[in-house]
Amino acid sequence: AVERTWLAGWLDRLRAAGADVAAAVPMAALIPAPADERALRSMAIGAAGAVRGAAHGFADDPALVLALGGGTTPDAMASADVAAALAAAIDRPPLDMLTGPFRRRAKGVMTPGRRRLMAQLVAALLIISLLVPLVQMVRWSLAAGQADDASLALAARLGITAPDAAGAETALDARLAARGGGPLALSVPLSALISALQPVPGAAIQALSHRADGTLSATLAAPRVEDINAVLLALQARGYRVTAQPMTGADGLQKGSVTIRAVP
């Protein structure tokens, strides 16, 4: 443990001298521990020195060596070994005192390899982003083609010959209209109109007519214009094409002359 004020003062002095402090390592931690529990090993860097035993390390002071080393003479490390220990501590400090508020913030380095990897990832993401909708469009196109083929096959079984599914649908609607059924029948738009009227209190049908082309004409009456608009919005939400002409009746009710198309 080191007093924070001491460590802060040391760092300030080093930075003032232009040193970029990467780590603060106790000198004794740089000394390899001796294998013999009774042996001591010492290191000297300039005027400073440290001693390391098998289980402890301390400053190279004769009194400490005598008290903690039992009178054993430390084995001094060679200059080459000291240099090697310092070089190894640069990449991997054995014990770094710069912790907590003193920890050095790592700076991100964008190497050429990382740039290439990032460019490849961005390119892959763009390709995938383009491929997903393209594949989905192809699947939808194939599914739509299969549905059209099935519709044409069903129309052929009914004796209807058409170049495409839209033509087959038109021919089928015409046949159903002639018979009074299908989506052109009165029951289809009328049921939708009644369903739209039910949630609106006070709204009612005063007149009703139907044409063979599937158009339903009705006169709606309600106490407020908003009530009639609510009915019209509900019909449009169901996919019907609605036209309306507002008017006010002699009885004071708001009215609307409405036409509803069962099919486009």
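Analyst: Let us begin with strand pairing: two strands are said to pair if DSSP finds at least two bridges between them. This is a predicted model. In it, β6 and β8 pair in the antiparallel sense over eight bridges.

User: Which residue of β8 is the bridge partner of L220?

Analyst: The partner of L220 is G256 in β8. Strand β8 is also joined to β7 by eight bridges, and β7 and β8 run antiparallel. Within that pairing, A244 has V258 in β8 as its bridge partner, and V242 stands opposite I260 in β8.

User: How many residues lie between β7 and β8 in their hairpin?

Analyst: Five residues lie between β7 and β8 in the hairpin. One of the residues in the turn, G252, has a positive phi of about 90 degrees.

User: How should I read the sides of a helix?

Analyst: The general idea is that an α-helix has 3.6 residues a turn, so residues three or four places apart point the same way. The case here is α7, which spans residues 225–237. Helix α7 has 13 residues and reaches 18 Å from its first C-alpha to its last, close to the 18 Å expected at 1.5 Å a residue.

User: Which residues of α7 are buried, and why do they lie on the same side of α7?

Analyst: The buried residues in α7 are D227, I228, V231, L232 and L235. They lie on the same side of α7 because they cover an arc of only 140 degrees around the axis. The face turned away from this buried side carries L233 and A237, which are exposed.

User: What do the buried residues of α7 pack against?

Analyst: The buried residues of α7 pack against α6 (187–197), β6 (215–222), β7 (241–248) and β8 (254–261). Just after α7 comes G239, with a positive phi of about 100 degrees.

User: How does α4 read by the test of span?

Analyst: Helix α4, residues 112–157, has 46 residues. From its first C-alpha to its last, α4 reaches 67 Å, close to the 68 Å expected at 1.5 Å a residue. G159, which follows α4, has a positive phi near 85 degrees.

User: How is a nonpolar core to be read, and which residues touch the most other members of the largest one?

Analyst: In general, nonpolar side chains tend to be buried together in soluble globular proteins. The largest nonpolar core here has 19 residues, of which L193, V231, L235 and I260 touch the most other members. The elements that give two or more residues to this core are α6, β6, α7 and β8. Helix α6 gives the most, with five residues. As for L235, its contacts beyond four places in sequence are A192, L193, A196, Y240, V242 and I260. Apart from this core lies another, of ten residues, among them M27, I31, M43 and M77.

Conventions: Residues numbered from 1 in each chain as written. Predicted model: local features only at pLDDT ≥ 70, side-chain atom pairs only at ≥ 80, totals over all residues. Heavy atoms only, no water. Helix = DSSP H or I, 4+ residues; strand = E, 2+ residues; numbered from the N terminus. Expected span 1.5 Å × (residues − 1). Buried < 20%, exposed > 50% of the residue type's maximum accessible area, 1.4 Å probe, protein only. Arc of directions from axis to C-beta. Contact = heavy atoms within 4.5 Å. Core = buried A, V, L, I, M, F, W, Y, C linked by side-chain atoms within 4.5 Å.
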